[in-house]
Amino acid sequence: MRDPSSPDFTLGIVGAGIMGRGIAQIAAEAGLRVCLADARQEAVDEAIAAVRAMIRRGAEKGRTTPAAAEAACARLIATDAGADRGWAAFADCDLVVEAVVERMEVKHAVLGGLEAVVGDHCILATNTSSLSVTGFAAAARRPERVAGFHFFNPVPLMKVVEVIGGILTDPEVTLRLVAIARRLGHHPVVASDTPGFLVNHAGRAYGTEALRIVQEGVATFADVDRVMTEAAGFRMGPFELFDLTGLDVSQTVMESIYHQYYEEPRYRPSPIGAQRRTAGLFGRKSGRGFYDHTGGRQATPAETPVPQVDLAGLTVWIDPRRADARDALAGLVAGAGATVATGAVPSAEALILLAPLGEDATTAAVALGVDATRVVAVETLTPLDRRRTMMPTPVTRAEVRAAAHALLAADGTPVTVVRDSAGFVAQRILAAIVNVGCDIAQQRVATPEDVDRAVELGLGYPAGPLALGDRLGPARIAAILAAIHAACADPRYRTSPWLRRRALLGASLTLAD
């Protein structure tokens with residue numbers, strides 16, 4: 001294979017769909033010769049025209065010069081390979097990436113046809129997002145040169161690419177793909193050949209835990225999204241994301257990874273997703289998903305109105321177990337004009353605010369020996385200045401619930417009311433994200449650094465799962481998971497050994513061993 005920095009380096013792409021077009025664009029802009037093929041010759045011609053239009057538009061916006069744009073356009077070569085005319089056009093390629101439909105038999109056929117004509121120096125790569133790289137390599141004449149090179153859509157904007165070496169892949173091939181990715185202007189993350197590889201694997205917690213929360217009747221779709229975007233700082237809520245990607249795709253991926261991991265409880269999908277997929281509620285593409293998208297606009301349900309309660313004379317007793325949470329809640333109470341009780345136990349009429357980690361309001365009330373009819377739990381793991389979450393017990397009196405809601409909303413900050421649940425909403429989802437990320441590091445799927453960087457670039461989370469765990473506190477995350485696991489005995493909440501050891505040692509979750 002020619003050096004990736006060589007001006008003669010030639011990249012072949014099979015598949016002129018959205019992924020193939022994106023790879024072709026960044027490769028041509030990076031100075032590579034690009035040969036593009038598709039089963040339909042018309043698709044190749046359309047793709048070349050579309051990619052050239054994108055490159056020229058970039059020049060119009062000042063991202064490159066007109067001369068550089070025309071040079072890039074000239075490096076795009078349409079071929080008739082793949083249209084039942086053989087693969088001879090790829091004979092001189094240094095790397096060929098297949099980006100065809102996600103069906104193993106189709107990809108096998110493409111890779112087999114390519115191997116019959118390319119030189120021994122040529123790397124054969126699959127852009128698969130979920131199929132086994134080792135499985136493709138095992139069927140090849142030279143399995144050591146077959147690897148995964150997984151880009152994300154839209155390729156020009158998603159600056160991460162997974163480099164996947166199967167069991168039979170030569171490590172030198174992986175290193176060469178890393179160098180090529182860098183030439184393309186993308187950040188390469190090296191991952192082992194496991195279901196979902198790195199990014200899709202790490203993304204299992206966000207949606208599956210959100211679905212679980214709704215399935216348990218804890219909160220609505222919109223409530224979960226509001227909490228995760230406004231309180232937890234994610235760009236999109238899990239159900240907004242499902243509607244964007246399409247539940248027909250997302251549910252299928254959830255099921256595939258779950259079964260490939262032999263029913264690992266951490267990745268268990270929800271019947272809600274399967275039912276809605278059957279109903280054709282895919283999201284934006286079908287006009288209706290978890291939200292109504294009629295007319296191209298998302299319709300979001302209104303929030304529960306804030307009760308009108310006179311807070312003058314209200315006395316509030318606050319959970320004393322965590323000083324930081326108590327101080328934060330005391331500031332809110334005082335700011336609303338209510339009185340913070342100073343006694344060791346609550347008075348007979350005081351509103352009782354608890355701040356549990358992992359516990360539900362009921363368990364926290366019993367543990368403290370306080371009157372559960374006057375208890376409301378408040379989420380304090382996430383900042384209290386953007387959105388607040390409150391959680392009454394099943395026996396909390398209506399007037400107490402109303403007073404707590406009015407108190408928490410007194411300064412205009414929105415409040416989400418959820419039903420009693422171990423871990424509220426944000427704690428459950430954040431702890432699940434951190435736990436799955438820790439287990440990816442534990443399995444050596446990728447380095448801790450690559451785990452975090454891939455998730456930031458590929459999923460757009462506010463931080464990678466390990467950095468997020470460090471920010472929230474490994475011991476806190478471990479405590480949340482332990483409390484949830486104690487409440488329901490579901491093994492999906494068992495703590496990753498990577499997290500448990502570092503929490504015990506007070507060490508960073510990014511610490512490799």
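Guide: Helices (H or I, at least four residues) and strands (E, at least two) are DSSP runs, numbered from the N terminus. This is a predicted model, in which local features need pLDDT of at least 70, side-chain atom pairs count only at pLDDT 80 or more, and totals for chains, interfaces and linings use all residues. Residues are numbered from 1 along each chain as its sequence is written, and side-chain values use heavy atoms, with hydrogens and water left out.

A pocket is an open set of points on a 1 Å grid over the protein atoms alone, where a 1.4 Å probe fits, with protein on both sides within 12 Å along at least five of seven lines; lining residues have an atom within 4 Å of a point. The largest pocket holds about 1,500 Å³ of space, a volume being the space filled by probe spheres set on the points, which are joined across faces, edges and corners.

Its lining comprises 44 residues, and F152, N153, N200, T245 and V249 lie nearest the centre. At least two lining residues come from each of α1 (18–29), β6 (146–151), α7 (199–202), α8 (204–215), α10 (238–245), α11 (247–260) and α17 (448–459). Of these, α11 provides the largest share, seven residues.

Sorted by class, the lining has 23 nonpolar, 14 polar and seven charged residues. Here Ala, Val, Leu, Ile, Met, Phe, Trp, Tyr, Cys and Pro count as nonpolar, Asp, Glu, Lys and Arg as charged, and the others, Gly among them, as polar.

Helix α1 also contributes to the second largest pocket, whose volume is about 570 Å³; there α1 gives the most to the lining, with six residues.
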